[in-house]
Amino acid sequence: MSQQVRGVVSRAKGAPVEVTTVVVPDPGPGEAVVRIQACGVCHTDLHYREGGINDEYPFLLGHEAAGIVETVGDGVTDVAPGDFVVLNWRAVCGDCRACRKGRPWYCFNTHNATQKMTLTDGTELTPALGIGAFVEKTLVHAGQCTKVDPAARPAAVGLLGCGVMAGIGAAINTGGVTRGDSVAVIGCGGVGDGAVVGAALAGATTIIAIDTDDRKLEWARRFGATHTINARGTDVVAAVQELTGGHGADVVVEAVGRPETYKQAFYARDLAGTVVLVGVPTPEMTIELPLLDVFGRGGALKSSWYGDCLPTRDFPMLTELYLQGRVDLDAFVTEEIALDDVEAAFDRMHTGGVLRSVVIF
């Protein structure tokens, strides 16, 4: 029997979201229904609402979530009812060319639920990142459920489902930050501060946080930044070079997703350094760089999807570090809100006053 639950739906580009009734079918083969306990309000959800991802409205928003498996479909063996899980949007297939090469974090055929959740009139919903977790219960592919220690606080570890993991992974997995490196992070929201955390975990000795908001720079210091730069009225490239012996940083993580900040990242790295783009640009954005500079500076220009993470490997490990007090995921949670407050949380994103709003069910 299908279930009717409350969820947050975006019906049209730019229109305020609404809380309405969502129909969740019983799980089919390979699927699971998860009772959501907490879901972070991520900028990607706002991208969906604004039409920055695609135009497959109506969207069921939310994707940065943790909860309890309620029921599973035929053939599901990795999770069972009662398991505490963090949801992920990169459920690897195990059989594509990336997976066969032993690089499952690049999986080109990730799994989502086959069935659709709907409105009560039968209108099919497009779940954000294949999850749709601003809802009391959601239907996902069982591979999107990663078991973690149930002692962890859902509001904190749920953030591994997107932003925090994207940042940590951008530094460690994509950027390859290692002991003694210098790292600059441009943009100190949830993803950027995740990159600061990742750089600190990897042993970077110089971690430079860059933003235009002094509040965010102070947050970055809490997460391990050794230096901060307010980019408003400052030559960011020159400032990074000054803090790195005149050379530039070994790794620069761009967590904004704009051409102007990407250019700053490109020129703020050392020769043979690495630029990691983890900020999400919009479709109309373009960038122009002198090809001779691309060639002459060497190094690597990379993009990072989900921090090139492997959820089954990275989520339990980071949860354990959290429970040991070595990764302060609680510090990312600025406020806990109700399901009806998601639209207001989107508004607060524009003011810069929150790191993460988290919906608690």
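Here is a short chat about some strands and helices in this predicted model.

Me: Let's start with strand β3, residues 31-40. Why is it called largely enclosed?
Reply: Eight of its ten residues are buried, so β3 is largely enclosed by the rest of the structure.

Me: Ok, and how does β3 pair with β5?
Reply: They pair in the antiparallel sense over eight bridges, with β5 covering residues 64-72.

Me: Switching topic: in what order do the six strands of the open sheet come?
Reply: The order is β13-β12-β11-β14-β15-β16, and the pairing is parallel. At the edges sit β13 (227-230) and β16 (300-303), each pairing on one side only. From one strand to the next, the twist averages 15°.

Me: How many bridges hold β15 to β16?
Reply: Four, with β15 being residues 269-277. Leu-277, for example, has Ser-303 in β16 as its bridge partner.

Me: Last one: which strands does helix α5 lie across?
Reply: Helix α5 (residues 190-202) lies across β11, β12 and β14, and runs at about 170° to β11.

Me: And helix α7? Which strands does that one lie across?
Reply: Helix α7 (residues 236-243) lies across β11, β12, β13 and β14, running at about 165° to β12.

Notes:
Residues numbered from 1 in each chain as written. Predicted model: local features only at pLDDT ≥ 70, side-chain atom pairs only at ≥ 80, totals over all residues. Heavy atoms only, no water. Buried < 20%, exposed > 50% of the residue type's maximum accessible area, 1.4 Å probe, protein only. Helix = DSSP H or I, 4+ residues; strand = E, 2+ residues; numbered from the N terminus. Pairing = 2+ DSSP bridges. Axes fitted to C-alpha atoms, helices over the stretch in contact; angles between N-to-C directions. Contact = heavy atoms within 4.5 Å.
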